[in-house]
Amino acid sequence: MSEAEPLVGGHTAPVVRVGDTVRRVAGPWTPAVASLMTGLRRAGVAGVPAHLGLDDDGREVVAWVDGEVPVYPLPSWAWSDQVLLDVARATRAVHDAAVGLDLPRTGWRRPAVEPVETVCHGDLAPYNAVFQDGRLVGLIDWDYAVPGPRLWDLGYLAYRFISLTPPGHRDGRPGSGPPAEQWRRVALLCEAYGGVEAVEVVRWAALRLEDLIAYSYAEAAAGNAALQYTIDQGHVRLYEGDLEWVRGLLHADDPTRWGR
Ligand SMILES: Nc1ncnc2c1ncn2[C@@H]1O[C@H](COP(=O)(O)OP(=O)(O)OP(=O)(O)O)[C@@H](O)[C@H]1O
Ligand SMILES: [Mg+2]
């Protein structure tokens with residue numbers, strides 16, 4: 001295939017496939033992201049696509065990863081415990097390897113998040129993961145990579161992959177309404193990643209949602225059409241409801257403890 005083929009997703013900016021590569025609009029953060037991806041590959045981390053620099057049009061070129069990228073509403077296999085375990089272990093490998101890389105503190109899309117422990121992927125969600133036969137084979141879309149605490153990634157991946165959403169949520173895991181089932185999967189995630197507390201992961205899920213809501217409104221107000229689109233589509237309203245749900249998971253016995 002030599003023609004450029006537009007890809008589903010790419011809400012942030014157009015993404016096209018050209019042969020065995022993906023072309024994406026580059027940004028000021030691209031050099032930092034490229035050095036992270038290259039460093040992780042050199043360190044032997046599986047599932048990180050090769051970053052191949054910029055093309056003649058100034059777009060970044062990333063190797064194509066063969067497989068399936070699930071989109072909402074997710075297919076049932078994407079909600080398996082196996083997927084959660086695979087993503088948790090892959091995230092651990094990324095975080096552990098990134099600690100040893102010589103990477104810049106600035107130049108990322110978002111400011112570093114304290115306490116910096118490693119470099120996070122920044123957007124760990126089913127739509128940024130590639131699978132073959134229900135097993136994880138790649139993590140894509142590294143644009144939101146940022147130095148930060150491990151929990152920055154774990155909170156968001158918990159929200160997306162578990163999912164930490166109320167019953168009947170349009171993008172949630174079917175039948176996962178009961179908090180006990182969500183906590184079971186948080187425990188599974190913690191065990192697979194290792195060395196993290198379930199309550200901390202859920203606390204960071206709330207922090208990530210707060211950040212996502214604030215970031216979406218701020219970017220839209222500054223003229224970012226992609227973020228305005230997510231607001232118009234009702235995604236940010238959903239995040240606001242989800243944030244209340246996650247706070248409820250944390251303090252079901254005393255909702256006033258998580259006040260602002
Ligand atoms: N390296 C890759 N290998 C295989 N598929 C890819 C790759 N990069 C992107 N894609 C496909 O293109 C879609 C959009 O790419 P990407 O996620 O990088 O863009 P985006 O603008 O951040 O999109 P979104 O905001 O929807 O996450 C992905 O969901 C995936 O289906
Ligand atoms: Mg994406």
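This is a predicted model: local features need pLDDT of at least 70, side-chain atom pairs count only at pLDDT 80 or more; totals for chains, interfaces and linings use all residues.
**The whole protein**

- The protein has seven helices and nine strands; helices (H or I, at least four residues) and strands (E, at least two) are DSSP runs, numbered from the N terminus.
- For 260 residues, a compact globule would have a radius of gyration near 18 Å, and the protein agrees with its 18 Å. The radius is taken over C-alpha atoms, and the globule rule is 2.2 Å times the number of residues to the power 0.38.
- Along the principal axes, the C-alpha atoms fill a box of roughly 60 × 40 × 35 Å.
- Buried residues make up 34% of the 260. A residue is buried if 20 or more other C-beta atoms lie within 10 Å of its own, exposed if 12 or fewer, and partly exposed in between, with C-beta atoms placed from the backbone.
- Among contacts between residues at least 6 apart in sequence, 69% join residues at least 24 apart; two residues are in contact if their C-beta atoms, placed from the backbone, lie within 7 Å.

**Helix 4 and its surroundings**

- Helix 4 (residues 179-193) has 15 residues and reaches 21 Å from its first C-alpha to its last, close to the 21 Å expected at 1.5 Å a residue. The expected span is 1.5 Å times one less than the number of residues.
- Its buried residues are Q182, R185, V186, L189 and Y193. Seen down the axis of helix 4, they fall within an arc of 105°, so they line one face of the helix; the arc is that of the directions from the helix axis to the C-beta atoms.
- An α-helix has 3.6 residues a turn, so residues three or four places apart point the same way.
- The face of helix 4 turned away from the buried side carries the exposed residues A180, A187 and E191.
- Packing partners for the buried residues of helix 4 are helix 2 (81-99), helix 3 (150-162), helix 5 (198-221) and helix 7 (235-250).
- Just after helix 4, G194 takes a positive phi of about 90°.

**Helix 2**

- Helix 2 has 19 residues and spans 27 Å from its first C-alpha to its last, close to the 27 Å expected at 1.5 Å a residue.
- Its buried residues include V83, L84, V87, T91 and H95. The buried residues of helix 2 pack against helix 1 (30-42), strand 6 (118-120), strand 7 (129-132), strand 8 (135-139), helix 3 and helix 4.
- A93 lies in helix 2 and is partly exposed, with 18 other C-beta atoms within 10 Å. A93 and Y193 are 100 residues apart in sequence and 8.9 Å apart in space, C-alpha to C-alpha.

**Sheet and hairpin**

- Five strands form an open antiparallel sheet in the order 1-2-3-5-4. Strand 1 (4-6) and strand 4 (51-54) stand at the edges, each with a single partner strand, so one side of each is left without a neighbour in the sheet.
- Strand 1 and strand 2 (residues 15-18) pair in the antiparallel sense over three bridges; two strands pair if DSSP finds at least two bridges between them. V16 in strand 2 is the bridge partner of P6.
- Strand 7 and strand 8 pair in the antiparallel sense over four bridges, and they form a hairpin with two residues between them.
- The covered face of strand 7 holds A129 and F131, and the uncovered one V130 and Q132.

**Backbone features to look at**

- Most residues other than glycine have a negative phi, and most peptide bonds are trans.
- D133 has a positive phi of about 50° although it is not a glycine, and counts as exposed with 8 C-beta neighbours inside 10 Å.
- D141, in the loop between strand 8 and strand 9 (146-148), has a positive phi near 60°. D141 is buried, with 24 other C-beta atoms within 10 Å.
- The peptide bond from E114 to P115 is cis, with omega near -5°.
- A cis peptide bond also joins I162 and S163, where omega is about -15°.

Key: Residues are numbered from 1 along each chain as its sequence is written. Chains are lettered from A and ligands numbered from 1 in the order in which they are written.
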